[in-house]
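Here's a quick briefing for anyone meeting this structure for the first time. Have a look at the model, then read on for its salt bridges and one of its sheets.

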Amino acid sequence: MSEHDVPDGAGQAFSRIYNRRLVFELLHQNGPLSRVDIAQRVGLKPQTISGITRELLDQGLIREAGRSTGLRGQPQTYLAPNPEAGYAIGIHVDRGRISAVLGDLLLNIVARVDWSGDTSDPVATMSVIVGMVGQLMTGSGVKQEGLWGLGLVLPTLNADKYEVEMRMPGWEKWRGFDPVTDLADRLKIPVLMENDATAAAVGTLLHQSGGSMRNFVLVYIGYGIGAGIVADAMPMKGVHGNAGEFGLLPAPGGKGVIDDLLSLHAIAQQLEVPVKELTPEILSELHRRRDTRLMHWLEDAAATLRYLVSIMETAFDPETVLLGGALPETILSALVERSYPLLPSLCAIRERDLPRFSVVELADGPVIGGMSLPIFVNTRSDFRHLYIRHLTASDERPFDHR
């Protein structure tokens, strides 16, 4: 992009904000960089870069991160984002438990709170979340004005707009409830909402070392089953935000849907116990003892996963398919092992950098992904358009006016 002089006052103000965004977003995604590096990458004049970086330094949005040594010419000062310039909160609401984390601008977790109890009533649950947010901020010393937003992660809940009735036991009272508006009104901060599968995929995308994976599908097993789809380093959300709801597909053999076979509810039915009793600890112990009923479920679930992976590979041609969710890692690993050999697919190439199907490495994907949303929505223009309807009708960002 080249720099243009805009005579109109409003145009000049917009140009200033836009150039400031270019510099800050570049540093957030690729810093540390020198002023020379920045000028070359964004196509602005050196004096413009000098003025913008001086302003960002004065406002504490960026910081100096060392100087070049051993190079010809004058030493260059490297600039990087200031981790304390902004914070975000991630909230993952699951049945009977809530996880909350607070992270800085570079997504380092600075505080965490976990809670167990009844989450069936949305109003009461919102009150619990408000209290947890207060604990996070008190424990970390972060002020409200330093928060860029909150990412709220929930299962895909019932909605009256769908022609097909979709029941999720334990969430009946949430039907028609608007948690985004309720929580935003209570906390007076921007709130974004995402389902657990897509949030886990976003968390995995942004926290992988080296950022090597840009196309993958993350299968998430919870009270239902869904998938977070990442295409060219972007979460695929679909027109109504429901991309990846594979649990509604017909099950192999034509009996019911995949949700009936691959979910905590399916395990509860196999074990003949209430689903609320299936804590990770109990499931781990059952698997350690090789409980016969759980082993039967594992065999059936693995066969269903083998079928589902083939669908995902055919539809999206991903680098890999990952498995995560509310199950213990030992059970997730057992499911992956029992899924092999996978069905024939064009993804079955001889030389691969990644296995076709494996367990996701980021254990707390949904809550970490929730925490990531407000930061990356405001520092990556390609992320922002996916979520801007949750924020405001404007395109203003927290660092535009400091």
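Does Arg112 count as buried, partly exposed or exposed? At 36% relative accessibility, Arg112 counts as partly exposed, where buried means under 20% relative accessible area, exposed means over 50%, and partly exposed is in between (1.4 Å probe, protein chains only).

Keep in mind that this is a predicted model, where local features need pLDDT of at least 70 and side-chain atom pairs count only at pLDDT 80 or more, while totals for chains, interfaces and linings use all residues. Residues are numbered from 1 along each chain as its sequence is written, and side-chain values use heavy atoms, with hydrogens and water left out.

**Salt bridges**

- Side chains of opposite charge can pair when their charged atoms come close.
- Searching the whole structure turns up 14 salt bridges, each being a side-chain nitrogen of Lys or Arg within 4 Å of a carboxyl oxygen of Asp or Glu.

**Asp364 and Arg112**

- Arg112 has a salt bridge with Asp364, and their closest N and O atoms are 2.6 Å apart.
- Asp364 sits in the loop between strand 13 (357–359) and helix 11 (365–379), and Arg112 in strand 6 (residues 109–116), so the pair ties together parts that are 252 residues apart in sequence. Helices (H or I, at least four residues) and strands (E, at least two) are DSSP runs, numbered from the N terminus.
- Asp364 is partly exposed, at a relative accessible area of 32%.

**Arg20 and Glu55**

- Another salt bridge joins Arg20 to Glu55, with the closest N and O atoms 2.5 Å apart.
- This pair links distant parts of the chain, 35 residues apart: Arg20 is in helix 1 (residues 9–30) and Glu55 in helix 3 (residues 46–58).

**Arg338 and Glu299**

- Arg338 forms a salt bridge with Glu299, the closest N and O atoms lying 2.9 Å apart.
- Arg338 belongs to helix 10 (residues 329–339) and Glu299 to helix 9 (residues 292–316), so the pair ties together parts that are 39 residues apart in sequence.

- Three strands make an open sheet in the order 1-3-2, with antiparallel pairing; two strands pair if DSSP finds at least two bridges between them.
- Strand 1 (33–34) and strand 2 (62–67) stand at the edges with a single partner strand each, so one side of each has no neighbour in the sheet.
- Strand 1 and strand 3 (residues 77–81) run antiparallel and are joined by two bridges.
- Leu33 stands opposite Leu79 in strand 3.
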